[in-house]
Amino acid sequence: MTARILLLGGTGDALRIARALGPEHVYSLAGLGRVPADLACAVRVGGFGGAEGLARYLAEERIALVLDATHPYAAQISANAARASAAAQVPYWALRRAPWQPQRGDDWRMVDGWAGVIEAIAPFSRVLFTLGREPLAHLDEVPMHQHWTVRCLDAHAGHARAGVIDARGPFTLEGERMLCEAGRFDVIVSKNSGGDATEAKLAIARELGLPVVMMRRPALPPAQREFTTVQDVIDVLGNVVQHI
Ligand code: NAP
């Protein structure tokens, strides 16, 4: 019997770790995106019912390690996982992808939350949102002087002043350049997700002189062990569990 890992995912990085896990381990998804059907490990989908529900799950399923590889902006599940792991007395480890750093020529406007985004984009007219589905809930609030383009995983109807592009990264420099030139955007809105898959938009913003409204990362709970790369996670797991 090997130590059973609960991997909390929903990101490309988490999926790469899940592909390295054997059948005794569990990969958990919120259920908003695609559910992989080709993994050796078990896959479970849906919330646990808060930190208490997760703590119960850890005990019932005899989980020996919680590995949090959720998105850096998925603050609720990370907070729940830290609390539940402490309650169930199992280690809480996390993959914390390094944030992108502004480079010479970048014009980043750092904001907190949706209200901060709306205030920061007010002077602009053609806005590209690349921060997930949140703008979809506000499509009836597009100001008269603006046109929004929302890129996210969901297909969704737009209207005269809002278009929705459903697309999944990784995104290339060429693709991002074409998108920005065709859309004639004057600002891009982003989360500071880090990683390579969605970074090309920042290089194109720099190239085209576009400002980027960047949502600050939320605070995340400390983990007993923190990793910055998938490879580090896999290397360490290989040393502490038998079948990964
Ligand atoms: P969140 O606000 O932190 O979590 C909301 C609730 O969703 C959690 O309380 C939990 O429900 C459930 N949940 C989240 N991740 C789960 C997981 N891996 N397994 C089981 N339940 C999970 O999360 P979010 O920002 O809505 O993101 C949802 C998922 O999408 C996350 O898994 C994240 O990795 C992925 N994702 C998020 C973003 C982003 O920008 N936020 C971007 C890319 C991918 P219960 O309380 O009922 O347990």
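Residues are numbered from 1 along each chain as its sequence is written, and side-chain values rest on heavy atoms, with hydrogens and water left out. Because the model is predicted, local features need pLDDT of at least 70 and side-chain atom pairs count only at pLDDT 80 or more, whereas totals for chains, interfaces and linings use all residues.

**Exercise 1. Describe the shell around the ligand, and state which residues come nearest.**

Step 1. A residue is near a molecule if one of its heavy atoms lies within 4 Å of it. The ligand has 22 residues around it, of which Gly9, Ser28, Phe48, Ile77 and Lys191 come nearest.

Step 2. By class, the shell holds eight nonpolar, twelve polar and two charged residues; here Ala, Val, Leu, Ile, Met, Phe, Trp, Tyr, Cys and Pro count as nonpolar, Asp, Glu, Lys and Arg as charged, and the others, Gly among them, as polar.

Step 3. For individual atoms, the term polar contact means a pair of N or O atoms within 3.5 Å; within protein, one must be able to donate a hydrogen and the other to accept it, and residues adjacent in sequence count only if both atoms are side-chain atoms. A polar backbone atom of Phe48 is 2.6 Å from an oxygen atom of the ligand, and an N or O atom in the side chain of Asn80 is 3.4 Å from a ligand oxygen atom. A nitrogen atom of the ligand lies 3.5 Å from a backbone N or O atom of Gly46.

Step 4. The protein buries 73% of the 810 Å² that the ligand exposes when taken alone, with areas from the Shrake-Rupley method and a 1.4 Å probe.

Step 5. Strand 2 (26–29) and helix 3 (75–88) are the elements that give two or more residues to the shell, and helix 3 supplies the largest share, four residues. Helices (H or I, at least four residues) and strands (E, at least two) are DSSP runs, numbered from the N terminus.

**Exercise 2. Locate Arg62, and decide whether Arg62 is buried or exposed.**

Step 1. Most residues other than glycine have a negative phi, and most peptide bonds are trans. Arg62, although not a glycine, has a positive phi of about 50°.

Step 2. Arg62 is in the loop between helix 2 (50–60) and strand 4 (65–68).

Step 3. Arg62 has a relative accessible area of 66% and is therefore exposed, given that buried means under 20%, exposed over 50% and partly exposed in between (1.4 Å probe, protein chains only).

**Exercise 3. Find the cis peptide bond and place its proline.**

Step 1. The cis bond joins Gly169 and Pro170, with omega about 5°.

Step 2. Pro170 is found in the loop between strand 9 (162–166) and helix 5 (173–183).

**Exercise 4. State which contacts the side chain of Asp106 makes.**

Step 1. Asp106 has its place in the loop between strand 5 (92–95) and strand 6 (108–111).

Step 2. The Asp106 side chain reaches the backbone nitrogen of Gln103 at 2.6 Å, and a polar contact of 2.8 Å joins it to the side chain of Arg206.
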